[in-house]
Amino acid sequence: MTENCILIIEDEQEIAEILQLYLQQDGFQAAHAMDGRQGLQMARRLQPALILLDIRLPGQNGIDVLQALRAEGHWPVIMLTALTDEVNTLLALRLGADDYISKPFNPAEVIARIHAVLRRSLSSPTPTARTLRLGALSIDFDMHLARACPVDGVEQELPLTLTEFRLLAHMARQPRRCFSRNELIESCMPESDALDRVVDSHLSKLRKKLQMAGCGDLIETVRGVGYRLCSD
Ligand code: CA
């Protein structure tokens, strides 16, 4: 592995140039591939520390490229996505992408996310499957999946949006702890300037989906403070 080499697979020259500039200023070496084919070749040759992978590429799209990368090595991958690409973003996370950043992005935030992913991948060289059970709810953090397994009902996958899953997973890591709306925005919607009522709206939809699937009322509103997840 080339410790400070970041490979950018991105067909928009201008975006790639901006990223390269910021990466170099931060002490990284930046390499740029224009499409998936070239990207795969460069990944094999350069053995980068991390790959920034655009989801919309000519020819093989980012999802195909991610699958090919995953079949060959364990490079951490951050997807560059569009806000309208939620389905593909979710798919990419399920296929093992480590994080995603929506365009248009702030290059400084991309650098911060790269450092966060590199720290994570260094501290856990052999990722293990992580699941969590909370009442009738089961969460698979690696697969980005939440399932309802009610005692007297049908087991089913919850049809959650990316933001709903992030909110649920974030709160489930510390059940019973109360999270403020600000905390939830910072941890689960870092790419948006969401308002408190946007959090309320996501959580209200999430609460309904959990109830419909037979998980009961897991989300508790703590008046004047925020939200918490309880299994009773
Ligand atoms: Ca593109």
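Contact means heavy atoms within 4.5 Å. The model is predicted, so local features need pLDDT of at least 70 and side-chain atom pairs count only at pLDDT 80 or more, while totals for chains, interfaces and linings use all residues. Residues are numbered from 1 along each chain as its sequence is written, and side-chain values use heavy atoms, with hydrogens and water left out.

**Exercise 1.** State how many residues of domain 1 and of domain 2 are in contact, and describe the area buried between them.

Solution. 
- Step 1: An automatic or database domain assignment gives the bounds: domain 1 covers 5-123 and domain 2 covers 127-229.
- Step 2: The centres of the two domains, taken over C-alpha atoms, are 27 Å apart.
- Step 3: On the side of domain 1, 10 residues touch 11 residues of domain 2.
- Step 4: Buried area is the accessible area (1.4 Å probe) that two parts lose on being put together, summed over both. Between domain 1 and domain 2 it is about 1000 Å², with 52% from carbon and sulfur atoms.
- Step 5: Glu86, Arg94 and Tyr100 lose the most area on the domain 1 side, together 50% of what that side buries.

**Exercise 2.** Find the salt bridges across the interface of domain 1 and domain 2, and the elements of domain 1 that touch domain 2.

Solution. 
- Step 1: A salt bridge is a side-chain nitrogen of Lys or Arg within 4 Å of a carboxyl oxygen of Asp or Glu. The rule finds two across this interface.
- Step 2: Arginine 166 forms a salt bridge with aspartate 99, with the closest N and O atoms 3.3 Å apart.
- Step 3: Helices (H or I, at least four residues) and strands (E, at least two) are DSSP runs, numbered from the N terminus. At least two residues of the touching side come from each of α4 (86-94), β5 (99-103) and α5 (107-123).
- Step 4: Helix α4 gives the largest share, five residues.
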